[in-house]
Amino acid sequence: MEVGSRQSPGGRSAPAPWRVVARSVAGSAHKKHGKPCQDAHAWSVVGGQSLLAAVADGAGSAAWGGIGAAVAAASAVRSLEAQIQNGTLPADEATWKDLLGEALQAAIEGIAERAEEEGGEPRDLATTLLICVATPAACAVLQVGDGCVVAAARGGNDLKFTLPARGGYVNETTFVTSEGALESAQLHVWSEPIEGLAMLTDGLQRLALDMAAGRPFAGFFAPLFAFAARSEDKADPGEDLERFLRSERVWSRTDDDVTLLLAALKGRYGMLPR
Amino acid sequence: MSTDLDLENVEFASNPDPRCPCVLLLDTSGSMAGEPIAALNEGLKRFRDEISGDELAARRAEVAVVTFDSDVKVVRDFVTAGSFDPPSLSATGQTHMGAGIHKALDLIEARKAEYKRNGVDYYRPWVFMITDGAPQGEPADVVERAAQRVSASEAGKHVAFFAVAVQGADVEKLRRLSARPPLELSGLKFVELFVWLSSSIQARAKVDVGDQVTLPPTDGWSSVQA
């Protein structure tokens, strides 16, 4: 499993055929107030074909939000690994719900344990969490909080997506430690193969989504999927992604921590029209 | 090192900036004359300097100024913080605090309606009331209704209302008007207060739906911890 907060060894070829590049970068607001990056991500490929991925955004208002994000992402992916390795892949919405729900539960329990170790409460490790599994037949997402997941299907001509959970105010959302987090989590099951995947925490969502239209901004995602598909031909795609996430173009629009996890199936996405 | 060409092609969606509306509700009654109002005016200038130094806050924060003495005036209607022109206030007269509170809450409701009409997202609005006294010269029911309105707005999470008591203020009366315990200004540390306020607006962290607003430590300007 690859786990990262500030740094992750991205771009290294995952077991064929997935190409994954992922980075989490601290926001200027957090750096100004002396906080480390509170975003995290984790991913793994099992059976040579199924991609398991999670991104998480620790609550700025929580003392150990960054730790919560790291624990949640890692626990979710570990749970998915164990469940898939022990059984068959889900075939319907109910079994997808079970699989992803258990991974969310594992994240919640991981946080509770860590909170006890640190001498605090689970709310001190509050974090959003977006979990995704992509198999050769389907892609499913369970999401608590804001951020989004966008998947390219039908050769990139069709974008499947989730949208940030909307509280009334722009700085309010649900965390895995919130009341009723399990019940209010968004579940999406797309019963077709996907060729590209992007997962973001909310730092990038205003750049990536057309908020009024309620859908992904295609000009954001198409080049990113192409980047991921071609990543094994690049010298250091992880560094390229990091530099992009730290660029002035991004920082003039957001001061929040940003996470971008990109994955593409080389040979399926790379050659396709936008 | 050259930028990756694929990443150079990434385009960004253009969405309106989310807004963070804040009303400064200021007591300009006779007792504030002299040093207090001078220090308050200094504080307002510093507030403008601090908040416009932060590019994102300058675009997102919106500031309005309402004063109350024997009269209630909207001295500055909402404007993005980068364009905020601090007023030079003078002090005279009584303390129509109840009417001031109503005006501040009305301004916020109108602003939220404007945001909704234009598809603009926003943070939970703040009202910062700064006073050195207690309501004076108003019918009791105006004040009572103001207190009820603050309480209902807080309960419905429509607004976060903070009262700052300057030396001489009737803290007990303020406690009944404001759902939260009043913060107490140490001496005339208005500049420190406004620097802190600017920083608090810039630092608004992600919170759980249903959480109470928590403020950063106030010991730089207050003798009483919030």
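1. Let's start with a residue in chain B. At 40% relative accessibility, B:R175 counts as partly exposed. Here buried means under 20% relative accessible area, exposed means over 50%, and partly exposed is in between (1.4 Å probe, protein chains only). The side chain of B:R175 meets that of B:E172 in a salt bridge, 3.4 Å from N to O. A salt bridge is a side-chain nitrogen of Lys or Arg within 4 Å of a carboxyl oxygen of Asp or Glu. B:E172 is partly exposed too, with a relative accessible area of 46%. Helices (H or I, at least four residues) and strands (E, at least two) are DSSP runs, numbered from the N terminus.

2. A word on what you're looking at. This is a predicted model, where local features need pLDDT of at least 70 and side-chain atom pairs count only at pLDDT 80 or more, while totals for chains, interfaces and linings use all residues. Residues are numbered from 1 along each chain as its sequence is written, chains are lettered from A in the order in which they are written, and side-chain values use heavy atoms, with hydrogens and water left out.

3. B:K173 and B:D170 form a salt bridge with their side chains, at 3.7 Å from N to O. B:K173 is partly exposed at 38%, and B:D170 is partly exposed at 28%.

4. Now for the interface. On chain A, 47 residues are in contact with 40 residues of chain B, contact being heavy atoms within 4.5 Å. Together the chains bury about 3700 Å², 49% of it on carbon and sulfur atoms. Buried area is the accessible area (1.4 Å probe) that two parts lose on being put together, summed over both. A:Y169, A:N171 and A:R206 supply 20% of the area that chain A buries against chain B, more than any other three residues.

5. A:R230 pairs with B:D6, with the closest N and O atoms 2.8 Å apart. This second pair joins two chains, because A:R230 lies in the loop between α6 and α7 of chain A and B:D6 in helix α1 (residues 5–8) of chain B. A:R230 is partly exposed at 35%, whereas B:D6 is buried at 8%.

6. β9(A) and strand β7 (residues 207–208) of chain B pair in the parallel sense over 2 bridges; strands pair if DSSP finds at least two bridges between them. In β7(B), B:V207 is the bridge partner of A:E172.

7. Finally, two spots in chain A. A:S50 lies in strand β4 (residues 50–57) of chain A and is buried, with 2% relative accessibility. A:S50 touches several residues, including A:W18, A:L89 and A:P136, not counting residues up to four places away in sequence. Elsewhere, A:R154, A:D158, A:K160 and A:E192 are linked in a network of salt bridges.
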